[in-house]
Amino acid sequence: MATTWASILALGATTWAQTGLGSITGRVTDPAGVQNLAGAQVTVESTGQTATTSRQGRYVLAGVPAGSQDLIIRFLGYPDAIRTVTVDAGGSVGLDVSMG
């Protein structure tokens, strides 16, 4: 069974690499980096793709076009944060954000 899942994941990564897509994952926290912010909105500016953070403050944006991408992070009570990441085709980039 593990071999089957590994094959599926490898095929998925190959497909994303061929189509020029990658993913962005991370965590959104308070300014001190201590408290997870559940319900924050993380948006890829160029595509409008949006993810909402989990109770653990985590998010995943899949199928993001490769290249430089601006993310807008919003959470009630904090000013918007804007961060730029470089997404590699078939890859995953991590971005943790402390609001404030």
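Guide: The side chains of Thr43 and Thr50 are joined by a polar contact of 3.1 Å. Please bear in mind that this is a predicted model.

Visitor: What makes the pair Thr43 and Thr50 a polar contact?

Guide: The limit for such a pair of N or O atoms is 3.5 Å. The value for the side chains of Thr43 and Thr50 is 3.1 Å, so the pair qualifies under the 3.5 Å limit.

Visitor: Where does Thr43 lie, and is Thr43 buried or exposed?

Guide: Thr43 belongs to strand β2. Its relative accessibility is 13%; buried means under 20%, and therefore Thr43 counts as buried. Beyond four places in sequence, Thr43 touches residues including Gly48, Thr50, Leu71 and Arg74.

Visitor: Why is Thr53 called buried?

Guide: Thr53 has a relative accessibility of 5%. That value is under 20%, so the term buried applies to Thr53. Thr53 is found in the loop between β3 (50-52) and β4 (58-65).

Visitor: Which backbone nitrogens lie by a polar atom of the Thr53 side chain?

Guide: The backbone nitrogen of Gly39 is 2.9 Å from a polar atom of that side chain, and the backbone nitrogen of Ala40 is 2.8 Å from a polar atom of the Thr53 side chain. Leaving out residues up to four places away in sequence, Thr53 also touches Val28, Leu37 and Tyr59, among others.

Visitor: How do you know that Asp80 and Arg74 form a salt bridge?

Guide: The closest N and O atoms of Asp80 and Arg74 are 3.1 Å apart. The cut-off is 4 Å, so the pair meets the criterion. The structure holds one salt bridge.

Visitor: Why are Asp80 and Arg74 described as partly exposed?

Guide: Asp80 has a relative accessible area of 45%, and Arg74 has a relative accessibility of 39%.

Visitor: Why is the pair of Phe75 and Tyr78 called tilted?

Guide: One aromatic pair is counted. In that pair, Phe75 and Tyr78 are 6.0 Å apart centre to centre, with 40° between the planes.

Visitor: Which residues have the most contacts inside the largest nonpolar core?

Guide: They are Ile24, Val28, Tyr59, Leu61, Leu71 and Ile73, in a core of 18 residues. Strands β1 (21-29), β2 (41-44), β4, β5 (67-74) and β6 (81-87) each supply at least two of the core's residues. In soluble globular proteins, nonpolar side chains tend to be buried together.

Visitor: What does Ile73 touch?

Guide: Beyond four places in sequence, the contacts of Ile73 include Val28, Val42, Asp80, Ala81, Val97 and Met99.

Visitor: Is Ala81 buried or exposed?

Guide: Ala81, in strand β6, has a relative accessible area of 7%. This is under 20%, so Ala81 is buried. Apart from neighbours within four places in sequence, Ala81 is in contact with Leu71, Ile72, Ile73, Val97 and Met99. The C-alpha atoms of Ala81 and Met99 are separated by 6.7 Å, although the two residues are 18 residues apart along the chain.

Note on methods. Residues are numbered from 1 along each chain as its sequence is written. This is a predicted model: local features need pLDDT of at least 70, side-chain atom pairs count only at pLDDT 80 or more; totals for chains, interfaces and linings use all residues. Side-chain values use heavy atoms; hydrogens and water are left out. Rings of Phe, Tyr and Trp (its six-membered ring) pair if their centres lie within 6.5 Å; planes under 30 degrees apart count as stacked, over 60 as edge-to-face and the rest as tilted. A salt bridge is a side-chain nitrogen of Lys or Arg within 4 Å of a carboxyl oxygen of Asp or Glu. Buried means under 20% relative accessible area, exposed over 50%, partly exposed in between (1.4 Å probe, protein chains only). Helices (H or I, at least four residues) and strands (E, at least two) are DSSP runs, numbered from the N terminus. A polar contact is a pair of N or O atoms within 3.5 Å; within protein, one must be able to donate a hydrogen and the other to accept it, and residues adjacent in sequence count only if both atoms are side-chain atoms. Contact means heavy atoms within 4.5 Å. A nonpolar core is a set of buried Ala, Val, Leu, Ile, Met, Phe, Trp, Tyr and Cys residues joined through side-chain atoms within 4.5 Å.
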